[in-house]
Number of protein chains: 2
Amino acid sequence: MTTERSVPPTISDVAAEAGVGRSTAARTLGGYGYVSPEVRERVLAAAERIGYRTNALARSMSTGVSHTLGVIVADIANPFFGGVVRGISDASRARGFDTLVLSTHEDLAEEVAATNVLIDKRVDGIIVASAALDAASASHIEQARARGIKVVLVDRAVPGLDLDAVLIDNRAAARDAVARLIAAGHRRIGFVWGPPIEGRPRRRRDLVDGAVRNLWTDGERLQGYLDALDDEGIVFDADLVMVGAKTEEHAQVEVARMLELPDPPTALFCTENDAMTGSLRALRDAGLRVAEDISLIGFDDSSWAAVIEPPLTMIEQPTLALGAKAAEVLLAGIDGEEKGPDTATAFHTLETRLIERASVAEPPRR
Amino acid sequence: MTTERSVPPTISDVAAEAGVGRSTAARTLGGYGYVSPEVRERVLAAAERIGYRTNALARSMSTGVSHTLGVIVADIANPFFGGVVRGISDASRARGFDTLVLSTHEDLAEEVAATNVLIDKRVDGIIVASAALDAASASHIEQARARGIKVVLVDRAVPGLDLDAVLIDNRAAARDAVARLIAAGHRRIGFVWGPPIEGRPRRRRDLVDGAVRNLWTDGERLQGYLDALDDEGIVFDADLVMVGAKTEEHAQVEVARMLELPDPPTALFCTENDAMTGSLRALRDAGLRVAEDISLIGFDDSSWAAVIEPPLTMIEQPTLALGAKAAEVLLAGIDGEEKGPDTATAFHTLETRLIERASVAEPPRR
DNA sequence: CTGTTAGCGCATTCAA
DNA sequence: TTGAATGCGCTAACAG
């Protein structure tokens, strides 16, 4: 083949080929400054001819803008984050920005490392679903900001950080879901996916603290659950809260435990996908039928939830919209930086939807 | 706060702070060349003190290496690609490379644009699940290679392109799955997720051509289905192949159609997740029970498949491993570039697994 | 072992 | 309108 395998042509090569000065070529290729139509044509033709492609690295060097956004999430393979990243990716690509995606496996040290990578690569902004629980553990984020990199949080807020955040109202969503269960007549409602505490705390406070101290969304959802109980004056029972490893297997174990209780739950609120599948396994093992024997509501809808028998009532999160909104806010911040002063920071709360299907029924009369 | 909000410190700043020459500072910070232990300490301390972070862009400018890989997939929100990207990401991060992820929405024009973005940003290598069907439509890939960017294909091969490819054997996997159905006694087996052809072709060739011309994996899976039929001398019936839009809704429509046939299928082979959920919807509408009335095997296992009643027999793809292997091959190629000549290109085929659960049974006797 | 010098490819004054 | 000169921050010979 005739294709050049050597060094890629630069602006100088184009200039030579077109018979003009470097900067004239640079101006037409970079799309700035004045160039006469004729010369313009000539340069463009020359560029085309020798296969010129602008070197974005060099451009970033001199402009200080990389047109790259950094995205930090726990796990890109998690469908929730997959949706968020897709939303970010589509929205930013439409505005000429690309995304460097890093997974932290829910580990703060990895998050710090990821942030440094993004700082080093001079991204223009960062969107992060942070594992940090407070400002004290989020100095890496402050670091990035100090260097003029805009940061917006997604999915999880970090109390004490004055940053834009794009979220859903986890607490309200959980509260509504549990309220729905209570309205159906349930008073013994299991909470599946709890704080990864060792042993079994009895005090409500310990549970909440444990959840909050592990992951922001978990804490919110647990509080929403408690809110709903409080609203109806239902007494809280620590035995109905899952505790320990957050895995499908352990959810199965914990639900099995709850089912053995003298006064077992008649409904389950699952705050994660794996919590739901783990619960379903436990119910099957116990020979219990969904709806008839025990009601179910889960977080994060999926196409499977609708085809299972009976179809599951689920809370749907607008994953794509979360990502798109985060990108939008970030990009607006990047634009605004050049102009006005810092605009006020805010929480952007997107709506969730409780999709009612058929996994909620009255509790069985014993 | 005291944090500098001004311009980030450079190597010169560190040199000044440490009282040494630029290059001495550069050598210790860049980790190359000789530096005396004492000076080294001094420079490191100075860097720490003023909060120096190396500018990866500038480094890439002079070294010609960006330590960034480009990843092009159809849709990062698709769980399959989510797994692949996670595999790539983890494997490359472990070797100091980050990933720029671009989604093409299965559109070749977007893939070309994405490739150009990656060329411009000077990535060191590209991993792509290409929508290109042959070498003729993959000139953008050749373009990248011509510029010295290593490319490896993942999930989909491109006939005629001499490139490393990390794949599963779609044809064999499909053939095994369908053979399993035949072994159970089925002879009328529906193929769900076919070529997006208009109208209903009767000739086997048209179907295969249609599939192949749309997506590499689709063609392979269809051929595997045909292989299995041929092996057992079962006559092919075009009515048992889904045709048209590749959506859950349309799969439901097509399966409903098959069910209305004078001689309806007693088993279904679903080549995608949405094909499976669409099929399940159609079966429910028709009041058919899985296994007892109709057997099912699907592609891409998920935790839901195991909790559905009855549990579904599925083909599992090693998504993480596909990504990890692709990154490995790519990185090896990048390393090798400096040393030996081009090593021979190859197909790396990873194993799939047929997870037998309970959705396959004998066909019902009528 | 250390400092000087010269690019990498582009954007950006500033004269012409 | 165009072109020559300078700098972005770093690496990489090279001489000291």
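This is a predicted model: local features need pLDDT of at least 70, side-chain atom pairs count only at pLDDT 80 or more; totals for chains, interfaces and linings use all residues.
Q: How do you know that the copies meet through the same surface?
A: Of the interface residues of chain B, 98% are also interface residues in chain A, so the same surface is used by the copies. In the contact itself, 48 residues of chain B touch 47 residues of chain A, where contact means C-beta atoms within 7 Å.

Q: Which helix of chain B gives the largest share of the side that touches chain A, and what is the make-up of that side by class?
A: Helix 5 of chain B gives the largest share, with seven residues. At least two residues each come from helix 4 (56-63), helix 5 (79-93), strand 2 (98-103), helix 6 (108-120), helix 12 (273-285) and helix 13 (303-307) of chain B. By class, this side of chain B has 19 nonpolar, 14 polar and 15 charged residues.

Q: What makes a residue count as near DNA strand D, and which are the closest?
A: Its C-beta atom has to lie within 6 Å of the strand. DNA strand D is surrounded by 27 residues, and the closest are A:Gly21, A:Thr24, B:Thr10, B:Ile11 and B:Ala58. Helix 4 of chain B supplies five residues of this surface, the largest share. The classes are 12 nonpolar, 13 polar and two charged.

Q: Which domains divide chain A, and how many residues does the contact take from domain 2 and domain 3 of chain A?
A: Chain A is split into domain 1 (11-54), domain 2 (68-168 + 318-351) and domain 3 (170-317). The C-alpha centres of domain 2 and domain 3 of chain A are 29 Å apart. Their contact takes nine residues from domain 2 of chain A and eight residues from domain 3 of chain A. The domain 2 side has six nonpolar, one polar and two charged residues.

Q: At what angle do helix 1 and helix 3 of chain A pack, and what is the hand of the crossing?
A: Helix 1 (residues 11-18) and helix 3 (residues 37-50) of chain A pack at about 115°, with axes 8 Å apart, and their crossing is right-handed. Helix 1 of chain A brings A:Asp13, A:Val14, A:Glu17 and A:Ala18 to the contact, while residues including A:Arg42, A:Val43 and A:Ala46 come from helix 3 of chain A. This contact has six nonpolar, no polar and four charged residues.

Q: What is omega for the cis peptide bond between A:Glu309 and A:Pro310?
A: Omega is about -5°. A:Pro310 sits in the loop between helix 13 (303-307) and strand 9 (313-316) of chain A. In chain B, a cis bond with omega of about -5° joins B:Glu309 and B:Pro310.

Terms used:
Residues are numbered from 1 along each chain as its sequence is written. Chains are lettered from A and ligands numbered from 1 in the order in which they are written. Domain bounds come from an automatic or database domain assignment. Two residues are in contact if their C-beta atoms, placed from the backbone, lie within 7 Å. Ala, Val, Leu, Ile, Met, Phe, Trp, Tyr, Cys and Pro count as nonpolar, Asp, Glu, Lys and Arg as charged, and the others, Gly among them, as polar. Helices (H or I, at least four residues) and strands (E, at least two) are DSSP runs, numbered from the N terminus. Axes are lines fitted to C-alpha atoms, for helices over the stretch in contact, and angles run from 0 to 180 degrees between N-to-C directions. A crossing is left-handed if the near helix is turned anticlockwise from the far one by less than a right angle, and right-handed if clockwise.
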